[in-house]
Amino acid sequence: MEGATKVLDLEAKACFDFFWNEANIDLNSPGYGLILDTNVDLQRASIASVGFGLSAIIIGIERGWITYKEGYERTLGTLKTLFYHVDHYKGFYAHFVDMQTGKRINQCEFSTIDTAIVLNGAITSGEYFGGKIKELAHRIYGRVDWNFIVDEKNKWFFMHYWPE
């Protein structure tokens, strides 16, 4: 059992390291805190990666991999990026955005699933940190127009939306 625990710990740390190390950390960039989708396209961030990364910050703090202050600052900056700079439509985020600008890439879809993942990370962060982070997480969540994305005929959510 000890060996299995060590393997799981190594895997958890490697996952954390991806989300921590593959983020835009340029404080002057409108894309601060955005996280790569994969290491294949170094300009493409994924909104889902950002959501997972926000949750990973909390894990990193709790496991002692980063300080509370480091996690707080990265989280607050990332949420400001999401609120002020990242392309969204009626609160739903573009699946892929430019790492530096937060602008939608290649007319990709505005995704319900990826938006839900980033909202999960934002809300979890708000509950963990409280204060300004919680307030900003609620503002991000509050602008999502859930009724817009419902297929009234079938009574389910659409998976995505393309304004084009």
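Analyst: Helices are DSSP runs of H or I with at least four residues, and they are numbered from the N terminus. The model discussed below is predicted.

User: Which residues lie nearest the centre of the largest cavity, and how much space lies in it?

Analyst: Of the 13 lining residues, Phe19, Ile35, Gly53, Ile57 and Arg74 lie nearest the centre. The space in the largest cavity is about 80 Å³.

User: Is Phe19 buried or exposed?

Analyst: Phe19 is among the residues nearest the centre of the largest cavity. Its relative accessibility is 17%. The cut-off for buried is under 20%, so Phe19 counts as buried.

User: How is the aromatic pair of Phe18 and Phe19 arranged?

Analyst: The structure holds 17 aromatic pairs. In the pair of Phe18 and Phe19, the centres are 5.3 Å apart and the planes stand at 80°. Planes over 60 degrees apart count as edge-to-face, so the pair of Phe18 and Phe19 is edge-to-face.

User: Why is the pair of Phe83 and Tyr84 put in its class?

Analyst: The ring centres of Phe83 and Tyr84 lie 5.0 Å apart. The angle between their planes is 85°. Because the cut-off is over 60 degrees, the pair of Phe83 and Tyr84 is edge-to-face.

User: Over the face of which ring does Arg74 lie, and at what distance from the ring centre?

Analyst: Arg74 is also one of the residues nearest the centre of the largest cavity. It lies over the face of Trp20, and its distance from the ring centre is 3.7 Å.

User: What is the distance of Arg44 from the ring centre of Phe96?

Analyst: Arg44 is placed over the face of Phe96. A charge may sit within 6 Å of a ring centre to count. For Arg44 the distance is 4.4 Å.

User: With which side chain does Ser29 make a polar contact?

Analyst: Ser29 is in the loop between α1 (2-21) and β1 (44-46). At 9% relative accessibility, Ser29 is buried. Beyond its neighbours within four places in sequence, Ser29 is in contact with Met99, Gln100 and Asn24. The side-chain polar contact of Ser29, at 3.0 Å, is with Asn24.

User: What is the phi of Lys90?

Analyst: Lys90 lies in the loop between β2 (88-89) and β3 (92-93). It is partly exposed, at 38% relative accessibility. Although Lys90 is not a glycine, its phi is positive, at about 55°.

User: Where does Asn106 lie, and what is its phi?

Analyst: Asn106 is in the loop between β4 (96-98) and β5 (110-111). It counts as exposed, at 72% relative accessibility. Asn106 is not a glycine, yet its phi is positive, at about 50°.

Terms used: Residues numbered from 1 in each chain as written. Predicted model: local features only at pLDDT ≥ 70, side-chain atom pairs only at ≥ 80, totals over all residues. Heavy atoms only, no water. Phe/Tyr/Trp six-rings, centres within 6.5 Å; stacked < 30°, edge-to-face > 60°. Buried < 20%, exposed > 50% of the residue type's maximum accessible area, 1.4 Å probe, protein only. Lys NZ or Arg CZ within 6 Å of the ring centre and 35° of its normal. Helix = DSSP H or I, 4+ residues; strand = E, 2+ residues; numbered from the N terminus. Polar contact = N/O pair within 3.5 Å; in protein donor to acceptor, adjacent residues only side chain to side chain. Contact = heavy atoms within 4.5 Å. 1 Å grid on protein atoms, 1.4 Å probe; cavity = no way out; pocket = protein on both sides within 12 Å on 5 of 7 lines; lining within 4 Å. Points joined across faces, edges and corners; volume = space filled by probe spheres on them.
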